[in-house]
Amino acid sequence: MTSLNLLIAVCLAYVALLFLVAFVAERAGVQGKGGWLLRSPLVYTLSLSIYCTAWTFYGAVGNAARSGLEYVTIYLGPSLVILGWWWILRRLVRIGRSHKVTSIADLISSRFGKSNTLAIVVTLMAVMTVTPYIALQLQSVSLSLSIFSAAEQSGAGTPMDQQSAALWIAVGLAIFTVLFGTRNLNVNERHHGVVIAVAAEAVVKLVALLAVGVFVVWGIAGGLPETMARIDASDLGTWQTDGSRWTALTFLSAAAFLCLPRMFQVMVVENQDEAHLKIASWAFPLYLFLMSLFVVPIAVIGLEVLPEGSNPDLFVLSLPLSQGREGLAMFSFLGGFSSATSMVIVATLALSTMVSNHVVMPVFLRLRQGTASQSGDVREVVILARRLSILVIIGLGYIYYLASGGSGALTAIGLVSFAGVAQFLPAMLGGIFWRGATRFGALCGLLTGFTLWIFTMLLPSFGVGVFLSVEIFEQGLFGAGVIRPHALFGIEGMDPMVHAVLWSLLLNSLVFAVLSLFTFPNPLERLQGAQFVNVFDHSGQSRGWNASVAESEDLMIMAQRILGAEEARRLFRSQAQSQGLVGHLPEPTPDFLQKLERELSGSVGAATAHAMISQIVGGSSVSVQDLMAVADESAQMLEYSSQLEAKSRELSQTAAQLRDANTKLMQLSAQKDAFLSQISHELRTPMTSIRSFSEILRDTEGMGPMEKAKYANIIHVEAIRLTRLLNDLLDLSVLENGQVTLNRQTGTLGELLDLSVTTAQASVSEPMKIHRRRLDEAITLETDLDRLGQVFINLITNAQKYCAADVPELRIAVNAVEDVITIDFIDNGVGIPKDAREMMFEKFSRIGAQDSNGAGLGLAICREIMSRLDGDIRYLGDVEGTGFRVVLPRAMAIAAQ
Amino acid sequence: MGKRVLLIEDELNIIEAIRFLLSREGWQVETHENGADAADVIRSAKPDLVILDVMLPGKSGFDILEDLRADAETATLPVLMLTARGQSRDREMAEKAGVSRFMTKPFSNAEVLTAVRDLLYVHQQKA
């Protein structure tokens, strides 16, 4: 017992030393002295080593003895994160600093619109996941104590002793944490004393483990080569490592490194300088490397030297003890003790901050709604809440330790805890990298992952039959085979740990992502999301408050109650000065309110700080939500005005169309006028001659018979001209109106051409020579032969009239090409000038100085006829002379040859 | 010496009719069929009266009339315009261009003779 008593005395002395270190550091911090130490990247790196708890101090050896090299993953994960994902850490630290984030719950809540629901959920989850971990530390310390008592006095290590030891340790740790963690409400929630103490403990545990390692290698094994030989000889190296388990463990420890509340505390909240991360990125992996250096030798030698059945989790202690090195054993014990205490202190601190900020304070504020600025000092409440939280959390850890009966290997409990905190990962990473992430998505993702974790990992970890019955393991929850804790969705044969991690994180991420896509973030969420994701773009402040009517006095009273009178006065005075005001009350500008909110959130969390300022400024001001709503409204108005613009574009398009239509109508009207003028002219001209000569014949006496005959003939010719003109006009009118009925007949093309040529030549005295190839013309047609003949006659007549060659000739060529028949009428004249070609098929278009007999309707009629016959007529521009082509669809030809 | 009338017209039968009517009254009738050079022909012929068709090959009667009125020498020359287009707009255009008398085809011979007589008499009075 003397040894045990000695041990307890040493422990007490050690704790007293830590108190001293912490106290001095705190004092130095307050006085601004010793800043170099606090601001040293070394301290930051060492404080990160709270990652290495008693689990890694004792458990790594145990793990190596049981599962070979699997323990490496626990060191590998964090090393990968800090080396490879340095940028994630930098982003986290930047966000943490610029938003005065106090915990991981605060981070997630703040990101998703300062949601208190989310903060509470994360807090409760954190408490649930970390409690087993605290129990683990209590267990390891009490176990290690029992080793000493067992060595000293066999049978003395009764469970009762262990439990009371654990209780005393818990009480001691609670006192330490309360004293140093809640000495004051620091604006930025930093705890210099604690950090320094943790750094000191980091040195102790490293040196202790290295000392044991050196002793084992050189003191027991007899040197490095012998050790290596023994390792080779042991079956440790032959352990098969399951690839999926290896990957899952590495990932899990990496995730835990980022998400563990205590890691977040030292890494982000206590960070003094972003540059420290750079040093830590190589120094921390080095620390981990040194911590793991002697794990395998200790495990191998321990298995060899110690009697069968010794707990490998305690080799670090029992090996020196078995060799009679009590001093070393005691040092080693201090190392384990350090690991345990530093973890418990920081973890409890982090959790108590969350509990008080996100659970106690909101409830308190709600209970005293509207009286926040009139009642007493809130600081008292905050500190009390925090102290109580610490006691409750450590109490919970102790109860868990009792409930789990001190059973289970250390690593198993550790892994359960790791997998629990890993559920924060999707919401955290999604929150800082993805603007589209929403509160609802985060909340549901977290709850999904957490539920699965409880079902597949936490409850089964107590053992079959404790919380979950054997039936649930075999038949599934409610007898549903797809809901078995170790075989979700019927997928069996996976390692239970891999299974749990895979499903919980997979569904967590999936739910988070999908629901984020399908929900719409509220304005504050969007604002925060933008600030978190773009933290490197604008380190500027979010402009939220508009408190022109807020009373500075009220704000001052509230700030004093949270920050403390002195701190608050200093803040207000400096703000007043920076606004160029005399006195100590600044104008409640949005900038100032923003700053104040940040300062307050350092003490009570973002959600609470926001709520408190809302209480004072709220009723009579514009909140961020309101501003965003206004922004939304103006966005809608923009949208509306763009709709109006579209409308007006549409209208102006319609107007343009109307203008076009009008122009077209005007053109048509002008065409109609021109047409009427033309008709009038064409009708009046022959009538003029007729009238004039008929009057001459009537009125002139004594006219000779020759003259009489001459004038009567003129009247006759003009009357015929008039008739023809009227016929043509009627014909055209009928054709154009589509009132024409086709008279389909059957006949050969050759015969039709014969008839047309004969008719055309009948009116002239000297017929022109016409070339034809009768062989080509042997095509039987079924169409309106009279109409088609009319076209042919017109073309032949035109050639006769207008061909200016000395010896006029006309060639009629028939071709059957693919699905059409073409009939070309080509004379040896001069052709039609280019500028007239376009118009020549129009009514009354006459080319040049022509025979005045033609009214210019012939080609217009031809065109109308051909379109009625589903054919075409066009001018051949690329032949010698004047050429026209009549095109008939092949369908009209019944049978060629 | 009978008065000289210059007829600008492209319809051969109408030329024939007007020539018959006017020469029977003792006036000298000269004719020209193309619009393009009509103004030059009028200037060089210096007739006592011009009978002008509107739809002429080369240049419209309105354009020829404007040319004549723009020239001091022919600014007051009596011009009888005959048109087959017979729309009210044509009369306005003709009057704007400075026509002395405007008639629509088909005309009665008596009307033409009266118009020519009036124009020659008025012109004589003025001169």
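Predicted model: local features only at pLDDT ≥ 70, side-chain atom pairs only at ≥ 80, totals over all residues.
Where in chain A is the place of Asp870(A)? Asp870(A) sits in the loop between helix 34 (858–868) and strand 8 (872–876) of chain A.

**Chain A as a whole**

Chain A has 897 residues, and 53% of them are buried. Its fold contains 34 helices and 10 strands. Among the contacts in chain A with a separation of 6 or more, 80% join residues 24 or more positions apart. The chain exposes about 39,100 Å², of which carbon and sulfur atoms supply 60%.

In soluble globular proteins, nonpolar side chains tend to be buried together. Here, the largest nonpolar core has 164 residues, and Phe333(A) and Phe424(A) have the most contacts inside it. At least three residues of this core come from each of domain 1 (2–407) and domain 2 (423–539) of chain A. Apart from it lies another core, of 47 residues, including Leu725(A), Leu729(A), Leu785(A) and Leu857(A).

Which residues does Phe333(A) touch, leaving aside its neighbours within four places in sequence? They are Leu7(A), Cys11(A), Tyr58(A), Val141(A), Ser144(A), Leu145(A), Phe148(A) and Leu317(A).

**A covered helix and a covered strand**

Helix 12 (residues 243–259) of chain A reaches 24 Å from its first C-alpha to its last, close to the 24 Å expected at 1.5 Å a residue. This helix is mostly covered, with 12 of its 17 residues buried. Among the buried ones are Arg245(A), Leu249(A), Leu252(A) and Phe257(A).

In chain B, strand 1 (residues 4–8) is mostly covered too, as four of its five residues are buried. Strand 1 of chain B pairs with strand 2 (residues 28–32) of chain B in the parallel sense over five bridges. In strand 2 of chain B, Gln28(B) is the bridge partner of Arg4(B).

Now back to Asp870(A), which has a positive phi although it is not a glycine. Lys46(B) is also not a glycine, yet has a positive phi. Lys46(B) lies in the loop between helix 2 (38–45) and strand 3 (49–53) of chain B.

| Residue | Phi | Relative accessible area |
|---|---|---|
| Asp870(A) | about 60° | 55%, exposed |
| Lys46(B) | about 45° | 54%, exposed |

Chain B also holds a cis peptide bond, from Lys105(B) to Pro106(B), with omega near -10°. Pro106(B) is found in the loop between strand 5 (101–104) and helix 5 (109–126) of chain B.

Methods: Residues numbered from 1 in each chain as written. Chains lettered and ligands numbered in written order. Heavy atoms only, no water. Core = buried A, V, L, I, M, F, W, Y, C linked by side-chain atoms within 4.5 Å. Buried < 20%, exposed > 50% of the residue type's maximum accessible area, 1.4 Å probe, protein only. Domains from an automatic or database assignment. Contact = heavy atoms within 4.5 Å. Helix = DSSP H or I, 4+ residues; strand = E, 2+ residues; numbered from the N terminus. Areas by Shrake-Rupley, 256 points an atom, 1.4 Å probe, with all protein chains shown as cover. Expected span 1.5 Å × (residues − 1). Pairing = 2+ DSSP bridges.
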